[in-house]
Amino acid sequence: MRRGEMEIRWTRTFDAGHRIWQHNEKCRFLHGHSYRVSIVARGSLNAWGMVVDFGDLKKIIVDRFDHKVILFKDDPLVPHLLAGGQKVVLLDRNPTAENLAVACASLVLSGVENLDEVEAEVFETVNQSGFCRMNRGNLEIVSLEEPPQS
């Protein structure tokens, strides 16, 4: 860590459904997980003496995904779930643990201006996770949409 740089660690859970569209095995079926997300954020302190407000992390991640179905935007289930009143989050990629880690890192890094680097780890189970380390130099913007329910 550079001088003047601080680090926070934050872990929360959320429950969501998903499926991996066009997968050949059981992941192609709609199912759910109690996801655990761990964030490590590095950067300078803001005016309040924080790297990031923990409440903001909850809004950025948990409030966005909790009790929703996370799908690839081209998944043919999308219109049916919306017509049935289901809350969905649509990604520009399949919602694997790895891609959800990229999405979480991207959302946090692009949403908090004083951060230099974010690590995100998303656990689907206690034994399986996807991990991403992202900084300002390799920021990958993930397209994410929350369409209105029908």
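Guide: Helices and strands here are DSSP runs, numbered from the N terminus, and a strand has at least two residues. Keep in mind that this is a predicted model.

Visitor: Okay. Where is arginine 42 found?

Guide: Arginine 42 sits in strand 2, which covers residues 31-43.

Visitor: Is arginine 42 buried or exposed?

Guide: Arginine 42 is buried, because its relative accessible area is 13% and the cut-off for buried is under 20%.

Visitor: What does the side chain of arginine 42 make a polar contact with?

Guide: The partner is the side chain of glutamate 117, at 2.6 Å.

Visitor: Switching to the core. How many residues has the largest nonpolar core?

Guide: There are 35, and Phe14, Ile39 and Ile61 have the most contacts inside that core. Elements that each supply at least two residues of this core include strand 1 (6-18), strand 2 and helix 1 (54-65). Helix 3 gives the largest share, nine residues.

Visitor: And what does isoleucine 61 touch?

Guide: Leaving out residues up to four places away in sequence, isoleucine 61 touches Trp10, Phe14, Val37, Ile39, Cys104 and Val108. Another core, of seven residues, lies apart from the largest one, with Val69, Val78, Leu82 and Leu90 among them.

Visitor: How do the residues of the lining divide?

Guide: Five are nonpolar, six polar and three charged.

Conventions:
Residues are numbered from 1 along each chain as its sequence is written. This is a predicted model: local features need pLDDT of at least 70, side-chain atom pairs count only at pLDDT 80 or more; totals for chains, interfaces and linings use all residues. Side-chain values use heavy atoms; hydrogens and water are left out. Helices (H or I, at least four residues) and strands (E, at least two) are DSSP runs, numbered from the N terminus. Buried means under 20% relative accessible area, exposed over 50%, partly exposed in between (1.4 Å probe, protein chains only). A polar contact is a pair of N or O atoms within 3.5 Å; within protein, one must be able to donate a hydrogen and the other to accept it, and residues adjacent in sequence count only if both atoms are side-chain atoms. A nonpolar core is a set of buried Ala, Val, Leu, Ile, Met, Phe, Trp, Tyr and Cys residues joined through side-chain atoms within 4.5 Å. Contact means heavy atoms within 4.5 Å. Ala, Val, Leu, Ile, Met, Phe, Trp, Tyr, Cys and Pro count as nonpolar, Asp, Glu, Lys and Arg as charged, and the others, Gly among them, as polar.
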